[in-house]
Amino acid sequence: MLQRDYTTSQLDVLEAEAIHIMREVAAEFERPCLLFSGGKDSIVMLRVAEKAFWPAPIPFPLMHVDTGHNFPEVIEFRDRRVAELGARLVVASVQASIDAGRVVEQTGRRASRNRLQTTTLLDAIEEHEFDAVFGGARRDEEKARAKERVFSFRDEFGQWDPKNQRPELWNLYNTKISRGEHIRVFPLSNWTELDVWHYIRREGIEIPSIYFSHTRTVFERDAMLLADSEVVQRGDDEPTFEAVVRYRTVGDMTCTGAVASTATTIDQIIDEIAATRITERGATRADDRASEAAMEDRKKEGYF
Amino acid sequence: MDILRFATAGSVDDGKSTLIGRLLFDSKAIFEDQLEAVERTSRDRGTEYTDLSLLTDGLRAEREQGITIDVAYRYFATPKRKFIIADTPGHIQYTRNMVTGASTADLAIILIDARKGVLEQSRRHAFLTTLLRVPHLVLAVNKMDLVDYSEARFEEIREEFTAFASKLNASDLTFIPISALHGDNVVSRSENMPWYEGSSLLHHLENVHIASDRNLVDVRFPVQYVIRPHSATSQELHDYRGYAGQVAGGVLKPGDEVLHLPSGLTTTITGIDTFDGPVEEAFAPMSVTLRLGDDIDISRGDMICRPNNQPQAAQEIDAMICWMADGLKLQPRSKLIIKHTTRTARALVRDLHYRLDVNTLHRDESATALGLNEIGRVSLRTTQPLFVDDYARNRLTGGFILIDEATNGTVGAGMIVDAR
């Protein structure tokens, strides 16, 4: 930061905005929680939360919607980070929703628990009476998200109504809701994928190993490299092979593709992303490819 | 690298989407898969050209109807700056969206079709931009290729707009002749307009000086959250009490004598804390935590300022209001929730002085209510004092939102012009 002319660097501006948003939530809501998946965006969000309330601990619990199909490296990272912070973690399990008959598991080769997560998430929000839920989504990720507010209202069914959003001006956020409704809050709305990586580098934040290049047994489907795993149903016409890959996003093993990469450091990852011509979700997420409005439709139902 | 937030106003007809598309494309912020999706959709619809508005029109309803309904935020960066575009629809029925996009903008680009000249909607966009005190205004005279890159035509538009803008107190005003379609003067200077000696649009966006647009004079620190760790293990932390917030004006330093509102008591800043260690000064938009020398009862919604430079502690407020509700109208006796900085109170509408015609700027003093997208001057009385400045002096301590108590919807945005 150049103190002389009071110019503030882009990461400082974004961080200050995100801290302001988090404090606003902590001040105005009864029972907030922060969605923490162990993915890079939620890792950055967690660091911002640490900063916002320091030297006091983070004044709300973390929640992870666990599909049971997560990468083991990421779950291990999640638990370690939670222990370091002494935070409380609520795990909402999709398997438990299936066992309780709340949702029905998809079958077939393309079975994914992606969409089932919505029910598990909304049930957990209701059970714990969360009135504000922090998510790590960014507006540059996807075009429906580009239209979403920082404080995004959800009705008592957890639904998003994109055509009836509250205007959001200056740094003033409307936090009024009735019982049973909640607000999804996106402190990283104005961050881009590169901002997230620059921040991880600047802060020296640890991230799960699968973000770095490694050798993995994969198979190809829809021009994506999927991990060979017992939770992914692979056909006989989908042979496995060894590849040097990394993950650009971290979601379910069933729908998150790896990208060929030799990047083993944050600097190399930043160089790689700066040069890429494909968006992160376009490169790696089968869940977004369903249709042009795939994200909008899922968000309306209450998805992240 | 810093951030420039800018709003674009105009309709698809003015070439706004083409311009944004070009800025994004030339700065490599559009990716191949996005472009492919747009090309596919354009083709499916039988459009001959690649309709770049499909990039920004993110909602199903927008794509189906071929219109922009809401503000879309787009991001791109050059080696000099990161840019956040608030892409707002230009039609009058979306005035509230333009007001929303302009509220945080450092700069606004108003697009004018060189063939059509200064239209009613250009004047409206200029007025709203000035009302929201966007510090820098760029008039992008587009489609210069269709008027043979005529200097005379450009000068004609410049003169007409300048005459109008002088009535508005428009701040920094820059005119740039462009062709978004062919890229003239968008990223680099055009060879088709040797008579134009100014910078290209992108060069202007990269270099316009914005650091001094913030108020660095009047110390304003709205207390957002009180940090008290209550630690049982650390004696130091047990007694820690910090006042967290985002600086809204001025420069704060340890050792400064400050005044607390509403108490009127003075104290000293003993430290400015952040997670990364104490800092020697804090200014907007930094989020910091203040430690103070005296044990004063301070809570959220209070204001820290300087003894010789205080905001107005007011319960009677005059403001320009943009009404944003669909069904409900604003009228005398309306009771609303008002949120100003970190303070929330209730407000009673005492008087509607006039409704402004946003196209002609005519003041209709016989108006009895404000409907959706209408703007007027209103007097409010609040249930508790708010610590305010004129919006013209500080956008953060001069702006507020109004919330309907029945629906919890955000129904209005206000810009303070006078307070008692």
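Select helix H1 (residues 10-28) of chain A together with helix H6 (residues 193-203) of chain A, whose axes come within 11 Å and cross at roughly 95°, so that H1(A) is roughly perpendicular to H6(A) (a label that covers 65 to 115 degrees). The axes are lines fitted to C-alpha atoms over the stretch in contact, with angles that run from 0 to 180 degrees between N-to-C directions, while helices (H or I, at least four residues) and strands (E, at least two) are DSSP runs numbered from the N terminus. This is a predicted model, in which local features need pLDDT of at least 70, side-chain atom pairs count only at pLDDT 80 or more, and totals for chains, interfaces and linings use all residues. Residues are numbered from 1 along each chain as its sequence is written, and chains are lettered from A in the order in which they are written.

Next, show Gln10(A), Leu11(A) and Leu14(A) in H1(A), which meet Asp195(A), His198(A), Tyr199(A) and Arg202(A) in H6(A), contact being C-beta atoms, placed from the backbone, within 7 Å.

Now display both chains: their contact takes 55 residues from chain B and 51 residues from chain A. On the side of chain B that touches chain A, helix H2 (residues 32-44) of chain B gives the largest share, five residues.

Finally, turn to the open sheet of seven antiparallel strands in chain B, in the order E7-E15-E11-E12-E14-E9-E8, where strands pair if DSSP finds at least two bridges between them. Strands E7 (221-222) and E8 (225-227) of chain B each have a single partner strand, so one side of each is left without a neighbour in the sheet. E8(B) pairs with strand E9 (residues 242-246) of chain B over three bridges, and Ile227(B) stands opposite Gly242(B) in E9(B).

Definitions and conventions: Angles under 35 degrees count as roughly parallel, over 145 as roughly antiparallel, 65 to 115 as roughly perpendicular and the rest as oblique. Two residues are in contact if their C-beta atoms, placed from the backbone, lie within 7 Å.
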